Amino acid sequence: MSGIPPAGRLLERGTELAAIEAALQSARSGAGSALLVEGPAGIGKTSLLAHACARATAAGMTVLTARAAEFESAYAWGVVRQLFQPRMLDEARQLAGDAAALAAPALTIETRPAGEDTFSVLHGLYWLTVGVAQGKPLLLAVDDLHWADQPSLRFAVHLARRLDGLQVMLMVTVREPRSGTAQDKALISGLAAEAGVTVLRPAALGAAASAEVVRDALGGAPSAAFQQACRELTGGNPLLLQALAASLAAEGFRGGDDDVAHLRRLTPGSVSRGVLLQLGRMPAAALAAARAVAVLGTAATIARVGRLADIDNDACAEAIAALMAERLIQGEQAIEFVHPLVRSAVYQDLAAPVRQRWHARAARMLDAEGAAPEEVTVHLLASAGSADPWVVSKLRTAAADARSRGAADVAIVCLRRALAEPPPAGLRTDVLAELGAAEVMLGDDAMVTHLTEALEAASWPQRGEVAQLLAEALLMRAEFAASVDMLAKAAGEAPDEPARQRLQAMMLTAGRLDPHAHAAMGPMVAQIRAKAARGEELDPRLHASLALELAAMAQDRAGAVRSARKAVAALPEREWVAGPALAEALSALLHDDRIEEVTAAARTRLDLARRHGSAEAVAAVEGFLSIAALFAGEIGQAVAYGLRAVEGTPSIAIEYFHLPFVILGLIEREELDQARTMLAERGLTGDLWPIWPLIMMRHARACLHAAAGDHAAAAADLLIAGEQAQACGFVNPAVLPWRSDAALSLLALGRTDEARRLAAAELGLARQWGSARALGVALRAAGLAEGGDRGLDLLAEAVSVLRPAPVPLELGRALVDLGAARRRAGGRTEARGYLREGLDLAHRQGSLRLASRARRELVIAGGKPRRDALRGRDALTPSELQVAELAAAGQTNRQIAQALFITQRTVENHLTSAYGKLDIGARAELGAVLAGSRRPRPGAPASAQPTEPIGA
């Protein structure tokens, strides 16, 4: 239990002790628990934590403890490193799988060449915790969490959300009022607000307990008036009360009524006053040693105190002994003040210039000893700037190390301090660029300012790298035109073709978001297209951008596919899991119906992203699997992947790009209320900005209006979306079939001429592009708009075009529309054949909406459709389906949980529900049922119990 002192007396803490016992029992039973103890300094938070540690130890639990320290928030993963030892990684990997290895950047001394994703490390730490708790229940106890570094704070929040099903108890203490940055406070507030976290707020001691403390310190029988005065002066705070009573006893007060007047002259700051008075009565060496301990913090040892305070060994030992005798300091090898308040009293008594000078000396001393870089950094951050290149170098090294460990926030703190040093003129640009890069990782508001200054002074090749970072920062702030202008200028100055092409690729990406910027890039696109046609070497990112550009314009389908394939084959690994290039290349392939190719490529990237533990990369790739599944008509898979993509990422860009396809999938599942809620929660029900992701969002929203029968709202949204899409260069109906959707809503409104005009225009563009899905969709809309014999011919052509294509749901729609049209034309027998085939396709693909319509039409045509009840895959929610398919493929619950970034308990819950809905009792039956080779027994209860344990 290093770092947390033994429990003190616990007076009037019955409620808190009961909560601790309940939380320990919950953890031991495998339900997980979390306690947050908050209150002012001295209220007894640490004593409650120590009591929990003692009770857990007595119960046979593993107890891991940490204590955050003031001024050490820049120690990346400092609290986590106190909790876990690097040796635990190998042990946990054997129990929890490879995901535990992702915790290595937080625990090991080796740095990574590239910045780690913070979520990746958090994911690894979670599974490390699972592994450590595998043998016996675990208590993680953290004192003074408010002083912890932000990465460690994030781990506490991350773990608290995932304790269900674990033999783990998390207990932390937090001081109120909270200190730290706004972000620190937000993280702690978020932890306190978590549904599974119990918050304890110990109250001040009442009259009886306060009197007991005073009597124990003074002896005898202090008067009632004296006891009450002591309680009023300290507010019943246990630490302040004990300190006051001890000070009064040392001064010889016995606690009579005549001593009350003396108490009334004191102030509530009696601890600080008492500590300084104690030191004032001690030898000068003791005061110097105390100051050195206060400055060194957790790095304090007797030897270091002597060197920092410039006291010889014998005198230092005597000074430390005297401080221990006065109960100000404790410890053996490492020494510390008995309470953070005592340290604060000594530390704050030092004038700011003196404190800063002592920290600077401590940094030099620790560095000379070969101390950990973080220990040196702590003191550099607290020192004053002196234009020292050594300081700048150390802070830059610390920042690079923090970034490699997934702690960009710590890197920002270090680099801002380096900038304030200030750095030598020749290094200022480097510091600005590094700072801007770290700020981009967190979306910090200062990123554009710092990167703009860096760009003005940078030379090539650094100038190109800074330009790309600045472009990314401007895009994050939706300054699209500014991003394109800056990239165009940088590309024009580029000293070589590779540098120019990297910038041009980003220009195309940025320009596609803004209609004005896109219009100005025509000549550049023509030049790049000519180079590709001549077979000249292109950067894979430029190939990706060109592929999507050609697809968007419905031009050179073969060239688009060729460039997309070259991009996918040649993109460096880091582009597989991040950046727009992969998304652009896969989009171009999807628009040519290369669905299997896209799915295979995305699955490869998904495996890589999961191994990296990057939630953002996983979300981006799962979003593409969602789109591919939607195009292939696999509605359950489309919604499952899509929901995970939009709900599993902090990136608004990823969320907004993939949400439209989730809305379309929910429409097919007839879950219109959920679709409306998702739009409303994100503020997407009003007017939308005319940028590409929101143009797609408007299109999806229009489809939702149409599905609900509000064709006026649907037509209005679709016509606006179409106008905006064309302004951004997206004319291909394979990318956005707004014309056909608008035509159907206009038909419903009786605006037949407009509908026919739009449908004919889409059909012409679809024939120009030539992909089966786009052509089939356009033919179906044109057939419905035309009506009569001409309409029947177009619908029949749609079926003919779609039948060999890998888009069975689009074929199902065309079949149902053709069957309904044949029935209206009097061909009821022929109609029933089309409608039955369409109904079977709808059920097979999970489109409840199309199945409902096909069933109605079939009944009208005189057919007898199968029963309405859901069966097999239809019955499962998207999440249940995804978990069930992974289980059917042979993955264990733990492997599924790691792959999907969920808990094992969530996996078990989904499987329990799936077994009941599928009426099966064993895991081995999943594959057959999901493949449709075994149907549930008619009338089987949904609550059927499995015969095999779910927790496999």
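Student: What makes the span of helix 36 close to the expected one?
Tutor: The expected span is 1.5 Å times one less than the number of residues. Helix 36 (residues 652–668) has 17 residues, and the expected value is 24 Å. From first C-alpha to last, helix 36 reaches 25 Å. Helices here are DSSP runs of H or I with at least four residues, strands are runs of E with at least two, and both are numbered from the N terminus.

Student: Where do these values come from?
Tutor: This is a predicted model, in which local features need pLDDT of at least 70, side-chain atom pairs count only at pLDDT 80 or more, and totals for chains, interfaces and linings use all residues. Residues are numbered from 1 along each chain as its sequence is written, and side-chain values use heavy atoms, with hydrogens and water left out.

Student: Why is helix 36 called largely enclosed?
Tutor: Count its buried residues: 14 of the 17, so helix 36 is largely enclosed by the rest of the structure. Buried means under 20% relative accessible area, exposed means over 50%, and partly exposed lies in between (1.4 Å probe, protein chains only).

Student: Why is Glu670 called partly exposed?
Tutor: Its relative accessible area is 41%. That value lies between 20% and 50%, so Glu670 counts as partly exposed.

Student: What about Asp144: buried or exposed?
Tutor: Its relative accessible area is 5%. That is under 20%, so Asp144 is buried. Asp144 also has a positive phi, near 60°. Its place is the loop between strand 3 (138–143) and helix 7 (150–160).

Student: How do you know how many disulfides there are?
Tutor: Search for pairs of cysteine sulfur atoms within 2.5 Å. Across the whole structure, the search finds zero disulfides. Cys53 is buried at 0% relative accessible area, and Cys230 is buried at 1%.

Student: Which peptide bonds are called cis, and what are their omega values?
Tutor: Most peptide bonds are trans. The bond joining Glu421 and Pro422 is cis, with omega about -10°. Trp460 and Pro461 are also joined by a cis bond, with omega about 5°. Pro422 lies in the loop between helix 21 (408–420) and helix 22 (425–442). Pro461 lies in the loop between helix 23 (447–457) and helix 24 (462–476).

Student: What makes the length of helix 24 agree with expectation?
Tutor: Its 15 residues should span 21 Å, and its end C-alpha atoms are 21 Å apart, so the two agree. Buried residues in helix 24 include Val466, Ala467, Leu470 and Leu474. Among the elements covering the buried residues are helix 22 and helix 23. Just after helix 24, Ala478 takes a positive phi of about 65°.

Student: How do you know which residues touch Glu837?
Tutor: Contact means heavy atoms within 4.5 Å. Leaving aside neighbours within four places in sequence, Glu837 is in contact with Arg803 and Leu815. Glu837 belongs to helix 45 (residues 828–845).

Student: What makes the Glu837 and Arg803 pair a polar contact?
Tutor: A polar contact is a pair of N or O atoms within 3.5 Å; within protein, one must be able to donate a hydrogen and the other to accept it, and residues adjacent in sequence count only if both atoms are side-chain atoms. The two side chains make such a contact at 2.7 Å, which is within 3.5 Å. Glu837 is partly exposed at 28% relative accessibility.

Student: How many helices and strands does the protein chain have?
Tutor: There are 50 helices and seven strands. Of the 952 residues in the chain, 57% are buried.
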